[in-house]
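Open the model in your viewer, keep the sequence panel beside it, and follow the stops below in order. At each stop you select a few residues and then read what is found there.

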Amino acid sequence: MSTAEPPDDSGPLLPPVDAPPTDSIPPVDAAPTDATPAASAPGATWSAATTGAVASTVTAPDPWVPPAPPPKRKLTWLWILIGVLVLIAALVVVAVVLFVRTLAGPIDSTNAVLAQIKAENYAAAYRLSCAADRERYTLDQYEQVFLNTVDAEGALVSYDVNYSSVDGSDAEVRYDVEFAGGTTDRLEAEAHKVNGKWRTCLFP
């Protein structure tokens, strides 16, 4: 029998591989210190229970609430002002209407008499005249006055009552006349309000 010892197989079977130089291995960035280690990583110090406890302490932000709209300005003063202006305007209109009606009464009465004279309807003019004229003249005398004017100046062809001044129940009236003969004149008359109706006196 051979007494040779078996070969020693405790040594490396493959030729040694040279390790790369340490300065050729790129450095590995260190993990941030505040990073939470994975729960499954070895050596992790935070457990799932610890992570849940930390998460439960984080308060959710309040939901966004739109700002309240600015308060509406009260327009009460504007409506009051409009009401006052409307009232003033109404009072002015009423005053103007009353003033015009007051002046129009003597003018309308004088126009009515002159219209009958122009139409040579002297009897109708006599009836529309004031009581003082009818007391001063009879109907025949009244007619004769205008017939004399026609003989001297011609018939009345136009007239214009253009002024009235009222003082209570009495008024002064002025009017322009034109006759067929070419004569023009400005005359005055009186008007008196009796029982709410104006009557004109062509012979004051």
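**First stop: the disulfide**

Select Cys130 and Cys201, which form a disulfide with their sulfur atoms 1.6 Å apart; a disulfide here is a pair of cysteine sulfur atoms within 2.5 Å, and by this rule the count comes to 1 disulfide. The pair links distant parts of the chain, since Cys130 is in the loop between α3 and α4 (131-136) while Cys201 is in strand β4 (residues 197-201), 71 residues apart. The torsion about the S-S bond of Cys130 and Cys201 is about 120°, so this disulfide is right-handed. Both Cys130 and Cys201 are buried, where buried means under 20% relative accessible area, exposed means over 50%, and partly exposed is in between (1.4 Å probe, protein chains only).

Before going further, keep in mind that this is a predicted model, in which local features need pLDDT of at least 70 and side-chain atom pairs count only at pLDDT 80 or more, while totals for chains, interfaces and linings use all residues. Residues are numbered from 1 along each chain as its sequence is written, and side-chain values use heavy atoms, with hydrogens and water left out.

**Second stop: the whole chain**

The chain has 5 helices and 4 strands, and along the sequence they follow the pattern α-α-α-α-α-β-β-β-β; helices (H or I, at least four residues) and strands (E, at least two) are DSSP runs, numbered from the N terminus. Of the 204 residues in the chain, buried residues make up 16%. Among the contacts with a separation of 6 or more, 45% are accounted for by residues 24 or more positions apart, contact meaning heavy atoms within 4.5 Å.

Which residues does Ser109 touch, not counting residues up to four places away in sequence? Select Ser109, found in helix α2, and show Trp198, Arg199 and Thr200, which are the residues that Ser109 touches on that count. Ser109 is buried, with a relative accessible area of 8%.

Thr110 is found in helix α2 as well, and it is buried with a relative accessible area of 0%. Leaving aside neighbours within four places in sequence, Thr110 is in contact with Val161, Val173, Tyr175 and Thr200.

Move along to Leu114, also found in helix α2 and buried, with a relative accessible area of 4%. With neighbours within four places in sequence left aside, Leu114 is in contact with Leu156, Tyr159, Val161, Tyr175 and Leu202.

Select Tyr126, found in helix α3 (residues 122-128); Tyr126 is buried, with a relative accessible area of 14%. Apart from neighbours within four places in sequence, Tyr126 is in contact with Asp133, Arg134, Tyr137, Thr138, Leu139 and Tyr142. The C-alpha atoms of Tyr126 and Thr138, 12 residues apart along the chain, are separated by 8.9 Å.

Most residues other than glycine have a negative phi. Glu120, in the loop between α2 and α3, has a positive phi of about 60° although it is not a glycine, and it is partly exposed, with a relative accessible area of 47%. Asn195, in the loop between β3 and β4, has a positive phi of about 55° and is not a glycine either; at 81% relative accessibility, Asn195 counts as exposed.

**Last stop: the largest pocket**

Finally, select Ile117, Phe146, Thr149, Phe179 and Leu187, which lie nearest the centre of the largest pocket among the 21 residues that line it. A pocket is an open set of points on a 1 Å grid over the protein atoms alone, where a 1.4 Å probe fits, with protein on both sides within 12 Å along at least five of seven lines, and lining residues have an atom within 4 Å of a point. α2 (76-118), α5 (139-153), β2 (170-179) and β3 (184-194) each supply at least two residues of this lining, and the largest share, 4 residues, comes from α5.
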